[in-house]
Amino acid sequence: MNVTVQQLRTLYMHNPAGLDRRPLYLSWRLESDRRGVRQSAYRVLVASSPDNLDADIGDVWDSGKVESEASQHISYAGEALQSGRTYYWKTRIWDESGVPSAWSETAHWSMGLLSRAEWEGRWIGLKSSHRPTHAEPKPAVYLRGSFRPDRARPIRQATLHIAALGAYELYVNGSRIGGDRLAPDWTEYGIRVAAQMYDVTESVTEALAGEPGGSATVAILLGHGWYSGYIGMFGYQRYGQDPRVLVQLNVDYADGSRQSLASDTSWRASFGPLTATDYHMGETYDARLEMHGWTAAGFDDAGWAAANVFYAYKGFLSADSCPPVQAMQELAPLSVTRHPSGVWLVDMGQNMVGRLRVRLQGEAGTVVTLRHGEALDPTGALYTANLRLTRQTDIYTMSGRGVEEYEPRFTLHGFRYAEIAGYQGELQPSDVTGVVYYSALDRTGTLETSSPLLNRLLANIEWTQRGNYVSVPTDCPQRDERLGWSGDAQVFFRTSSYFMNAAPFYVKWLTDLTDAQRPTGAFTDFAPFIPGGKTEHGGDMTYDHTASAGWGDAGVIIPWMMYRVYGDTSVIERHYASMTRWITYLEELHPGLLREDLPQYGDWLSIPESTGLGDFPNVSPFSTTPYDVFSTAYFAYSTALLARMAAVIGRPEEAARYEQLAGAIKAAFNRAYVDAEGRIKGDTQAAYVMAIAMELLPEPKRAFAVSRLLQLLEARDWHLSTGIHGTRWLLPVLVESGHEEVAYRLLMQTGYPSWFYSVLQGATTIWERWDGWTEERGFQRPGMNSFNHYALGSVGEWIFRFVGGIDLDEEVPGFKRIRIHPRIGGGLDYVRCQYDSIQGPIECSWRREADRLCLDVRLPAGTTGHVRLPGRPDQRMEESGLALSDSAGITVLERTPEATELEMGSGAYRFVVFN
């Protein structure tokens, strides 16, 4: 098969609209069933029109033939990009023999408004004097603006630009525009707001095709979102009091002229049936107040008020860099039953994040209340103690006009169960649908094994990621928190990248984290940040939410992992200054190179060790590893990563300086916390795991640390005691130090604490705490007990890398060179693993039969692989029925007593190792 070029992407996205980022990067993939395919050169054409591109005219940019194997992150180098223009592009490549491919299909991107001066509108909304409460949040705002297009001139394109402080639904001439919900994404509002751009040519053209004098009408339903609603754990209106929106509709005519509709005092505003709305608390909707036709032209809004005009927003208006939050799945309920109390109880069978869509029928004025929770209490009623102040309640008042369908707008709930009260009819399962929402990231990884428990654990991790990747990587989707905690995000990053294309999500969120960085250089513990006394200086909270070890370090660790997984150096370059500010801040704050600032979070949610804690007072029930040990380890680790990143982007002098500093921190760590034998202060599993993984120990202290880790595990009958940080490193450290059977033993444990323990209790997502519920004590610490919290799900990385066998090469980033090394064990009979990497789909499947081990491998075109076949040298090994030495495209690198190391090009391979 000839090579084809597929999957054209601009900044990780397919045909994105409204971009403003420069430089701009293009990517593609190669596809071929032939072995050993690689790219030797490429040519990119960018044109101003599809016709020019079809004629192979790159009037905007013609790269010419470029001798290169690169197919990712190709920097656009054409003419200056212009606001509002759409650019069309395609590419072709030459293979390893110099044979050209056909041209790819056409892709495109469009630019948004690149200058603030091009925004013509004013920020509008409608002020409400209502003071929000948990029981009654503030109402949504209804807005309308109209204009008459010139019928004498054909329309070439109509483009709508919009930015909001709040959340909106957008309509043009009665048609809902865009599939996004909760737009725009949550950003660091003091610095920037995300702006969207929509092509509304069809909707505006339809206005001309209607009755004479037809107008184009833009209608907006405006909620509070993250801007003026309840936010984090910190109450209402932490950014502003009233939502507001900025709108500009540009109509470009065929003769080159333009007509614009911009938000101003001519717009009309009203309150309506959505009488209370809040992302955390829920919504109240009175269908009797519906204003039928309010989104369409011709609606009589004479009774509406003039829109209020707000001061101009002085931050940046930046284009979206991540797919929006959308409805991604629909679930049918497992059951709908009457509870003895008289309410209807809905069991979705899956802890999910989203909303219920219900069909109801009854008398006007009937009030139906929907409450949501993750679990049931011992009486079988809805358990809500762990929600803290969040209500998760939607209230619908029926209009009485036949069958009514209701789904809330600007709220999401974390729930498996829902209680429906006040409904007098018979509620059938077909009347209830669970609509699952999350940021619309492509699914990338699947892994199936012969173990039902392991398969359920993997499903739980994936469902937890779905529920918490909502604009930012939240810690939980149900209680009054839902913050983008950086420590949780960095320990889960590699796992997240196996399940989803996380790159655009983290491009966006790293901008939030950098925007939130404090003037001192301290990264915040969550981003976007909520400034104030409670967050920055402790206030009446236990912690100042800035500069915590393992949390602030996410600002260094995630750019490094973005580079490793996606081969993206632009992320390092874009955030390099913020990373250096963070390390400089730590260096200046701790001239002795030991981080002893308290309090910290430490190895959050670890379990007390049997060795006791009496000698180490700076620990807590949430972190049994001493804070100074934990914090100094992260200081050394982040500094060492920064040295490596400086080298990657061509800053050798700075790389040498940070490498020297990292060495000094490691030396200080060993002097202060490690005795002559190698015992680490605190003597916890996490302390040894982190010191080994972060390469803090010299030999033979490393050997002692491994030995001591095994002793601590054995002392707990082979159960872990690590929190969210130690857990991420625990199983990889065991495998890489030669103890994969111990790693499998921990993975397959069924008793408390273990991953399978929660699965056996019926969990369908990852718990925040190892002891979220126990048979002896029931629910634990309801004030901090989420049943949908991904941090302890970081084991997913280990499962994909070592059970599924698909891993990064240590020297070559971005899966350009792939390591296939499955660890056969755990009592598993088969594993089927697929991962859609940035280079293309990778497959590794293995199964054990009576007399053989079978391993199927597929590497995408343009890549090479290093495959490790387990087995002794005297065992017969074949590929597609041939001896390894006779198989095309395979080179035997080394034979050891345990395995045979192979190198090969792209393509599909079938290996058999005979017993």
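**Notes on the predicted model**

1. At 25% relative accessibility, Arg-409 counts as partly exposed, where buried means under 20% relative accessible area, exposed over 50% and partly exposed in between (1.4 Å probe, protein chains only). The side chain of Arg-409 meets that of Glu-169 in a salt bridge with an N to O distance of 3.2 Å; the term stands for a side-chain nitrogen of Lys or Arg within 4 Å of a carboxyl oxygen of Asp or Glu. The two residues are 240 apart in the chain, Arg-409 in the loop between β31 (404-406) and β32 (413-421) and Glu-169 in strand β12 (residues 167-172). Glu-169, with a relative accessible area of 5%, is buried.

2. On provenance, this is a predicted model in which local features need pLDDT of at least 70 and side-chain atom pairs count only at pLDDT 80 or more, whereas totals for chains, interfaces and linings use all residues. Residues are numbered from 1 along each chain as its sequence is written, and side-chain values use heavy atoms, with hydrogens and water left out.

3. The whole structure holds 57 salt bridges. One of them joins Arg-156 to Asp-252, with the closest N and O atoms 3.9 Å apart, and it links strand β11 (residues 155-165) to strand β16 across 96 residues of chain; helices (H or I, at least four residues) and strands (E, at least two) are DSSP runs numbered from the N terminus. Arg-156 is exposed at a relative accessible area of 53%, whereas Asp-252 is buried at 7%.

4. Glu-481 and Arg-479 form a salt bridge at 2.8 Å between the closest N and O atoms, and both residues are buried. Through shared partners, salt bridges join Arg-388, Asp-475, Arg-479, Asp-480, Glu-481 and Glu-768 into one network.

5. How many residues of strand β30 (residues 393-397) are buried? Five of the five are, so the strand is largely enclosed by the rest of the structure. Thr-393, Ile-395 and Thr-397 lie on one side and Asp-394 and Tyr-396 on the other. Strand β20 (residues 282-286) runs parallel to β30 and is joined to it by three bridges, while β27 (residues 367-373) runs antiparallel to it with five bridges; two strands pair if DSSP finds at least two bridges between them. Within β30, Tyr-396 is the bridge partner of Tyr-285, and Ile-395 that of Thr-369.

6. There are 49 aromatic pairs in the structure, a pair being rings of Phe, Tyr and Trp (its six-membered ring) with centres within 6.5 Å, where planes under 30 degrees apart count as stacked, over 60 as edge-to-face and the rest as tilted. The rings of Tyr-189 and Tyr-239 have centres 4.8 Å apart and planes at 80 degrees, so this pair is edge-to-face. Tyr-189 is buried at 4% relative accessibility.

7. The largest nonpolar core has 218 residues, and Leu-457, Met-562 and Phe-911 have the most contacts inside it; such a core is a set of buried Ala, Val, Leu, Ile, Met, Phe, Trp, Tyr and Cys residues joined through side-chain atoms within 4.5 Å. Helix α10 (residues 627-648) gives the most to this core, with 12 residues. A second, separate core of 32 residues includes Val-141, Val-204, Leu-249 and Ala-269.
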